[in-house]
Amino acid sequence: MRRIIILLFLLIAWFSNSPVKGQTPESWDFPEKYDSLVVFLADSLDDILDVNIKVKEKRIGTTMAMRPSFFSFFRKPEKRTYVLCINNRDDFHGVLFRDVPHEARVGLLAHELMHVRDYQSRGFGGLAERGWQYLSKRGKHKFEHEIDQMVIDAGFGFFLYYWSAYVLEESDVDENYREFKRRVYMKPKTILTELNKLGELEVM
């Protein structure tokens with residue numbers, strides 16, 4: 001565990017002190033306040049840099065959610081637009097993005113961008129299948145675990161761990177929301193196990 005903590009601190013220090021390189025993709029319509037975060041992620045996501053992504057702050061039931069726009073369901077992948085919804089409810093019992101520690105934001109946003117990568121690999125039937133999965137607890141669990149695995153495989157596993165650990169172990173979220181996160185998404189221990197399989201760390 002000590003090794004994990006040291007690795008995390010080194011990673012956090014590197015990210016916090018690294019200058020922003022490149023620029024936000026033209027097709028990603030993000031507010032300027034997220035520039036450093038978006039540029040950091042975009043540098044490793046060449047396959048979706050040309051995908052149209054818009055951001056909307058609105059009242060939703062979770063911290064953040066990526067969704068295809070309505071008409072995008074009927075369009076080819078290269079013609080689609082995705083909407084990243086960021087919760088702005090002051091009465092929300094979960095975690096608001098504005099309160100998430102900087103490094104944990106990377107893990108969360110990486111997860112949402114992996115949804116875009118997943119959607120882009122699917123036609124209309126594939127998108128409908130994803131929507132159908134979300135109607136059951138088992139389907140939702142399978143879907144979100146697949147997306148979390150994509151985050152790990154893309155090289156953002158430590159940040160995903162930081163996000164998961166923050167929500168489940170450090171935040172003051174409502175217990176119902178915490179249980180939802182435990183049930184649907186990868187837990188911190190599972191993320192570390194997957195990182196260990198890739199040889200990115202040794203779990204002592």
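A nonpolar core is taken here as a set of buried Ala, Val, Leu, Ile, Met, Phe, Trp, Tyr and Cys residues joined through side-chain atoms within 4.5 Å, where buried means under 20% relative accessible area, exposed over 50% and partly exposed in between, with a 1.4 Å probe and protein chains only. This is a predicted model, in which local features need pLDDT of at least 70 and side-chain atom pairs count only at pLDDT 80 or more, while totals for chains, interfaces and linings use all residues. Residues are numbered from 1 along each chain as its sequence is written, and side-chain values use heavy atoms, with hydrogens and water left out. The chain has seven helices and four strands, which are DSSP runs numbered from the N terminus (helices H or I with at least four residues, strands E with at least two).

**Overall layout**

- From the N terminus on, the order of the elements is α-β-α-β-β-β-α-α-α-α-α.
- Of the 204 residues in the chain, 50% are buried.
- Among contacts (heavy atoms within 4.5 Å) with a separation of 6 or more, 70% are between residues 24 or more positions apart.

**The largest nonpolar core**

- The largest nonpolar core holds 53 residues, and those touching the most other members are W28, F30, L41, L109, L113, F156 and W163.
- At least two core residues come from each of helix 2 (35–42), strand 2 (52–58), strand 3 (64–68), strand 4 (81–87), helix 3 (102–120), helix 5 (137–170) and helix 7 (188–197), and helix 5 gives the most, with 14 residues.
- As general background, nonpolar side chains tend to be buried together in soluble globular proteins.
- When residues up to four places away in sequence are not counted, L109 touches F30, L37, V38, L41, M64 and L84.
- Helix 2 is largely enclosed by the rest of the structure, because six of its eight residues are buried, namely L37, V38, V39, F40, L41 and A42.

- Four strands form an open sheet in the order 1-2-4-3, with mixed pairing, two strands being counted as paired if DSSP finds at least two bridges between them.
- Strand 1 (28–29) and strand 3 stand at the edges, each with a single partner strand, so one side of each has no neighbour in the sheet.
- Strand 2 and strand 4 run parallel and are joined by seven bridges, and in this pair I53 has Y82 of strand 4 as its bridge partner.
- Strand 3 and strand 4 run antiparallel and are joined by five bridges; here M66 stands opposite L84 in strand 4, and P68 has Y82 as its bridge partner in strand 4.
- Strand 4 is mostly covered, with seven of its seven residues buried; T81, V83, C85 and N87 point one way from the strand, whereas Y82, L84 and I86 point the other way.
- Strand 3 is likewise mostly covered, four of its five residues being buried.
- Helix 3 lies across strand 1, strand 2, strand 3 and strand 4, and runs at about 15° to strand 3.

**I53 in strand 2**

- I53, which lies in strand 2, counts as buried, with a relative accessibility of 0%.
- Although I53 and W28 are 25 residues apart along the chain, their C-alpha atoms are separated by 4.7 Å.
- Apart from its neighbours within four places in sequence, I53 is in contact with S27, W28, D29, F30, M66, Y82, L113 and V116.

- The axes of helix 5 and helix 6 (residues 175–184) come within 8 Å and cross at roughly 100°, where axes are lines fitted to C-alpha atoms, for helices over the stretch in contact, and angles run from 0 to 180 degrees between N-to-C directions.
- The two helices, helix 5 and helix 6, are therefore roughly perpendicular, on a scale where under 35 degrees is roughly parallel, over 145 roughly antiparallel, 65 to 115 roughly perpendicular and the rest oblique.
- Helix 5 brings K137, K140, H141, E144, H145, W163, V167 and L168 to this contact, and helix 6 brings Y177, R178, F180, K181, R182, R183 and V184.
- By class, the contact of helix 5 with helix 6 has six nonpolar, two polar and seven charged residues; Ala, Val, Leu, Ile, Met, Phe, Trp, Tyr, Cys and Pro count as nonpolar, Asp, Glu, Lys and Arg as charged, and the others, Gly among them, as polar.
- S164, placed in helix 5, is buried, with a relative accessible area of 8%.
- Leaving aside neighbours within four places in sequence, S164 is in contact with M186, K187, P188 and I191.
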